[in-house]
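Subject: Structure for you to look at

Hello,

Here is the structure I said I would pass on. My notes on it follow below.

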Amino acid sequence: MKRLTMRVWTTIGVGRAAACVCVGAIAGLMAAGPLNPPAGPVTSSYKTLTEVEPRIAVNAANTPGDADSLFKITLPGSYYLTGNITGVAGRHGVEIAARGVTLDLMGFALNGVPGSLCAVSGRLFSGENVAVSNGTIREWTEDGIDLGVCSNARVTNLMVDRAGFTGIRVGDGSLVSGCTVSECGFVGISINGSCTVLDCVSFANARIGIESINGGSSITNCVVNFNDQAGISVPDSTTISGCVVRANGEDGIAFDSDCLILNNLCTLNGFIASGAGIHALGTGNRIEGNSCHDADHGISVDLAGNIIVRNACSANTTNWLIAANNLYGPILDRTGPASMPVNGNFAPDAIGTTNPNANYSY
């Protein structure tokens, strides 16, 4: 009886092994695919290089240079760098000579040398719709980015350092966003008309931090510090809002007529020559909600026809210097005896007015 039982289990074990071999063979046939290939020529199932990277690399084959440029883009399209570029005396790094060009620096750097011209230049081509982004530009003898004659340009996410002339220059209707510009020989960021400068830093330039040549622009949420002349200088019809403007050699913010100057912080300006935190040179301006401290003049208004409300000035040599025939909310002097300390649930009014347009000296 014992021998019969052993034979039965042996038979069952063999059956299971055979079943496993059979299943394994079937699985192998299924994984191998059909034995007969489809009709027609054999083709690759992989993507082409153009499909993987549909843009054009900047190199000697695709964008050959000329007498004044290392690389020159002459056709519309999307271009990108594949490595750092080192300048050569007497040449631009990348010259753009076509409309509808997007140049992505891909995080790489364009490094200038003595005598090199601009890192990226469109100065000889009066086109439009040019974009440059995402990289570092340093020590070019002329401009970092010169798109001054290109309208509808877009310059974003760049770090520009020690350009001999201007860090970033753009033409009408352009956007400069998310850029840091420092220690340039003239102006940090220069815009023409109808432009937007947003979330930029411009500091320690030899002249002006942000300059507008024509009006109708917007400068918002920028930090503009330690420039030897004005921090921000614009003509007419410009909005400057939410900026920090500190320790510039002359005026913090200087502007002509019909501007809106809103909610800016201006401190320690005028450390080289006489300067104001905010200086209105023209008429028709609205100056509202600004804080100006530690300058020769807090808010200076040269001509009639401006409105000045809800501002605060403190610790300036002269807090307010306003010409006749301007409109302004009451200017309350709070530089006298200090208010009582507060420790608890109640304190008397230390403002001194319910006028929502009041200005304060403190």
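**Strand pairing**

Strand 28 and strand 31 (residues 297-301) are paired in the parallel sense, with 4 bridges between them. Within that pairing, Ile-278 stands opposite Ile-299 of strand 31. Strand 28 is also joined to strand 25 (residues 253-255), again running parallel, by 3 bridges. There, Ala-254 has His-279 of strand 28 as its bridge partner. Strand 28 covers residues 276-280, and it is largely enclosed by the rest of the structure because 5 of its 5 residues are buried.

Please keep in mind that this is a predicted model.

Strand 4 (residues 77-80) pairs with strand 7 (residues 101-104) over 4 bridges, in the parallel sense. Strand 7 is in turn joined by 4 bridges to strand 10 (residues 130-138), and these two run parallel.

**The protein as a whole**

The protein has 362 residues, of which 43% are buried. Its secondary structure comes to 37 strands and 2 helices. Of the contacts with a separation of 6 or more, 35% are between residues 24 or more positions apart.

Asn-248 sits in the loop between strand 24 (244-246) and strand 25. Is Asn-248 buried or exposed? Its relative accessibility is 0%, so Asn-248 counts as buried. A polar atom of the Asn-248 side chain lies 3.1 Å from the backbone oxygen of Val-224. Setting aside residues up to four places away in sequence, Asn-248 touches residues from two stretches of numbering, including Val-224, Asn-225, Phe-226 and Asn-227, and also Leu-268, Asn-269, Gly-270 and Phe-271.

Thr-267 belongs to strand 27 (residues 265-267). Thr-267 counts as buried because its relative accessible area is 13%. Beyond its neighbours within four places in sequence, Thr-267 is in contact with Val-245, Arg-246, Ala-247 and His-293.

**A loop residue, Leu-117**

Leu-117 is in the loop between strand 8 (109-111) and strand 9 (120-121). With a relative accessibility of 16%, Leu-117 counts as buried. The C-alpha atoms of Leu-117 and Ala-89 are 7.0 Å apart, although the two residues are separated by 28 residues in sequence. Apart from neighbours within four places in sequence, the contacts of Leu-117 include Asp-68, Gly-90, Arg-91 and His-92, as well as Trp-140, Thr-141, Glu-142 and Asp-143.

**Salt bridges**

Side chains of opposite charge can pair when their charged atoms come close. How many salt bridges does a search of the whole structure find? The search gives 12.

- Asp-66 and Lys-72 form one, with the closest N and O atoms 2.9 Å apart. Asp-66 is partly exposed at 27% relative accessibility, and Lys-72 is partly exposed with a relative accessible area of 23%.
- Asp-161 and Arg-162 meet in another, at 2.7 Å from N to O. Asp-161 is buried, with a relative accessible area of 16%, whereas Arg-162 is partly exposed at 37%.
- Arg-310 forms a salt bridge with Glu-288, where the closest N and O atoms are 2.9 Å apart. This pair links distant parts of the chain, 22 residues apart: Arg-310 is in the loop between strand 32 (307-309) and strand 33 (312-314), and Glu-288 is in strand 29 (residues 286-288). Arg-310 counts as partly exposed at 39% relative accessibility, while Glu-288 is buried, with a relative accessible area of 14%.

Salt bridges also link Arg-123, Glu-142, Asp-143, Asp-146 and Arg-169 in a network. Glu-142 and Asp-143 are among the contacts of Leu-117 as well.

Val-223, Val-244 and Leu-265 make a nonpolar surface patch of about 180 Å². Val-223 lies in strand 21 (residues 223-225). Val-223 counts as partly exposed because its relative accessibility is 31%.

Regards

Conventions: Residues are numbered from 1 along each chain as its sequence is written. This is a predicted model: local features need pLDDT of at least 70, side-chain atom pairs count only at pLDDT 80 or more; totals for chains, interfaces and linings use all residues. Side-chain values use heavy atoms; hydrogens and water are left out. Patches are made of residues with over 30% relative accessible area and no salt bridge: like charges are joined within 9 Å, nonpolar side chains (Val, Leu, Ile, Met, Phe, Trp, Tyr) within 5 Å. Accessible areas come from the Shrake-Rupley method with a 1.4 Å probe; for residues, only the protein chains shown count as cover. A salt bridge is a side-chain nitrogen of Lys or Arg within 4 Å of a carboxyl oxygen of Asp or Glu. Buried means under 20% relative accessible area, exposed over 50%, partly exposed in between (1.4 Å probe, protein chains only). Two strands pair if DSSP finds at least two bridges between them. A polar contact is a pair of N or O atoms within 3.5 Å; within protein, one must be able to donate a hydrogen and the other to accept it, and residues adjacent in sequence count only if both atoms are side-chain atoms. Contact means heavy atoms within 4.5 Å.
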